[in-house]
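Please keep the picture open while you read.

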Amino acid sequence: MIEQIIISNVAKGIESLFNAKAEEKQIQLQRTKKEFEGDITIVVFPLIRLSKKSPEETATLIGNYLHENVDEVNDFNVIKGFLNLVIDDKYWLGFFNENLKKSNYGEAATHKDSDPVVIEYSAPNTNKPLHLGHIRNNLLGHSVASILQASGSEVKRVNLVNDRGIHICKSMIAWQKWGEGNTPESSQKKGDRLVGDFYVLFDQKYKIEVQKLIASGVEPKLAEKESPLLIEAQQMLQQWERNDPEIRALWERMNNWVYAGFDKTYERMGISFDKTYFESETYLLGKTIVEEGLKKDILFKKDNGSVWADLTNDGQDEKLLLRADGTSVYMTQDLGTAILRYNDFKAGRLIYVVGNEQNYHFEVLEIILKKLGYGWAENIHHLSYGMVELPHGKMKSREGTVVDADDLMEEMYQTSKRMTVELGKTSDFSEEEAKQLYETVGMGALKYFMLKVDPKKSMLFNPEESIDFTGNTGPFIQYTYARIQSLLRKANELKINLVKTSGKTLEMAQKEKNVLRLIYDYPSVIQNAAQNLSPAMIANYTYDLVKEYNQFYQEVPVFKETSKAKIIFRLQLSRFTAQIIKSAMGLLGINLPDRM
RNA sequence: GGUCGCAUAGCUCAGCUGGAUAGAGCAACAGCCUUCUAAGCUGUGGGUCGCAGGUUCGAAUCCUGCUGCGAUCACCA
């Protein structure tokens, strides 16, 4: 790496020039700004303490030293406190030729010695279909997993399905009462949608019942608690916990409808898991751990029998872990599943992709696990992402503003189809090819839109305006890729051999070099994105690369060139760019068309 | 009220561990298809980086306070 060469030589230079020792931090490199000549810039301000000379003088002395002692440094210029180094094109071309044939360029080999990263995402409830919020969650989780893999980690993707509880009982009751034996088949509805509809129906009937009670003189709060429907749901939950065969059968039946529906949604989204946990199988897990903690006096019991963790020394309040009746709460279960998961995979790291509304929960989870003696709890990482907001605020099921995942994906398909047909892109496509293109572009637009913003920031989605297809978008990147494929097809027709390298003596146009410089950055972009758990970094990098490539494409024609070597170089550069686009978009779960 | 997070162009977003005149896209306007795909390229206009202090040779970036927005603080999940 050229950066390493420069840093070590700057250190040497400082020693021989100023008789001083530079710390690593003091040698700061950055990319030279476009408006100045050069490739790499050294910021000399931190070094003037060592040189005891003015910034300009220091820069000039170091520049001279590097010019004389480092082959790759061809020239330099000094502007204020910035030393701009011109790196010989031979270096860049050498790098290019060396890496041209690496099919997985940018991706690091898996380090086998370290324990796997376990990443949880999706975590749906089985009482309603997936919505916009889940889309961000799923895309983020899946993409971060891919990025970690590419950076060299072994990764396990897990899902934890919330398949039991009062919510699913509500759907079950509504179905029993008003379902008329309807099934996904008989109603022609996706199973998750069908069950979700019954959940909504329960809520409607429940509200009517509460209103009636209030009208008959019952206190509003009491009415909400004493509604016969709600009591029925609570009783059903108890029956479920007692393993009542009839209830269990219905529960299984309806959940299976939901899973069939989820599978379709996941499939269209391109999301998958290595393992799926079900809460019905894990919800009792935390109890024994809590009881052990109680024995060891790490936790304490209140007079009514409820069990708590005292976190007042950790800047938090007290946290309930077992109710007075001995039943567990969300936190209790999560303690249990964390330990289970850690043991299942010998996890080196546990990542949870969960919205930032649960920041508090995860903070407390980690503290309690540590208190209970699980040192690995510090390897828990909550990938806390911002909410997806609509122009008028959050999604609210009551106001019918929930954006359904399936609906949104279908809309993206239709928009993609409309745009593509308007542009006349598919006139020579078969019907099958055309459909595939609409899907690829529509999903590409959606995924890129969701992933290009920093995960921790909340983002805005406006259902009124459809997601763009021009500018910083998925389709723009896909389009560039398709353009390159077109070039390569033509090269193939012309029987141009792209195997042999073009040597180090080629003269590059500025636009070519710009593209090459970005290609050079890709491996470090992956590492950075992995470190920050940020698909946005991959997206923004790819956009920069593609934008730069399009400038090259527009300004530097390939096949008009008379020099054979240059034609080959430009095609290789194009192919290399396409390869990176494919790799990077792969990390975001975005497919690419060969024509569009 | 306590805790945590966010605030950059009309809108949506970049800006890596502090470094040069703060960048893109959308929208607006003006150009570029007899030339490898115009879902593209070029140009113009648009900013007190929420406000006020502080640290530093240097602050959108770090610290403090304030304002605004959001989340959270349940014997809910």
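Strand β5 (residues 117–120) and strand β6 run parallel and pair over 4 bridges; two strands count as paired if DSSP finds at least two bridges between them. Strands here are DSSP runs of E with at least two residues, and helices are runs of H or I with at least four residues, numbered from the N terminus. One bridge links I119 to R157 in β6. This is a predicted model, in which local features need pLDDT of at least 70 and side-chain atom pairs count only at pLDDT 80 or more, while totals for chains, interfaces and linings use all residues. Residues are numbered from 1 along each chain as its sequence is written, chains are lettered from A and ligands numbered from 1 in the order in which they are written, and side-chain values use heavy atoms, leaving out hydrogens and water.

Where does β6 sit, buried or exposed? Of the 7 residues in β6 (155–161), 6 are buried, meaning under 20% relative accessible area with a 1.4 Å probe and protein chains only. On its way from β5 to β6 the chain passes through helix α5 (residues 132–150), and the three make a right-handed β-α-β unit. Right-handed means that, with the strands pointing away from the viewer, the path from the first strand over the helix to the second runs clockwise.

Now look at the whole sheet. It is open, with 5 strands in the order β7-β6-β5-β11-β12 and parallel pairing. Because β7 and β12 (380–385) stand at the edges with a single partner strand each, one side of each has no neighbour in the sheet. From one strand to the next, the twist averages 25°. Two of the pairings are these:

| Strand pair | Bridges | A facing pair |
|---|---|---|
| β6 and β7 (residues 275–278) | 4 bridges | V161 and F278 |
| β11 (residues 349–355) and β12 | 6 bridges | Y352 and H382 |

Helix α14 (residues 330–345) lies across β5, β6, β7 and β11, at about 150° to β7; axes are lines fitted to C-alpha atoms, for helices over the stretch in contact, and angles run from 0 to 180 degrees between N-to-C directions. Contact means heavy atoms within 4.5 Å.

Finally, turn to the RNA. Around RNA strand B there are 62 residues, of which F82, N304, K425, Y479 and Y553 come nearest; a residue counts if one of its heavy atoms lies within 4 Å. A polar side-chain atom of K547 is 3.1 Å from a phosphate oxygen of RNA strand B, and a polar backbone atom of M596 is 2.7 Å from a base nitrogen. Such a polar contact is a pair of N or O atoms within 3.5 Å.

Technical notes
Buried < 20%, exposed > 50% of the residue type's maximum accessible area, 1.4 Å probe, protein only. Polar contact = N/O pair within 3.5 Å; in protein donor to acceptor, adjacent residues only side chain to side chain.
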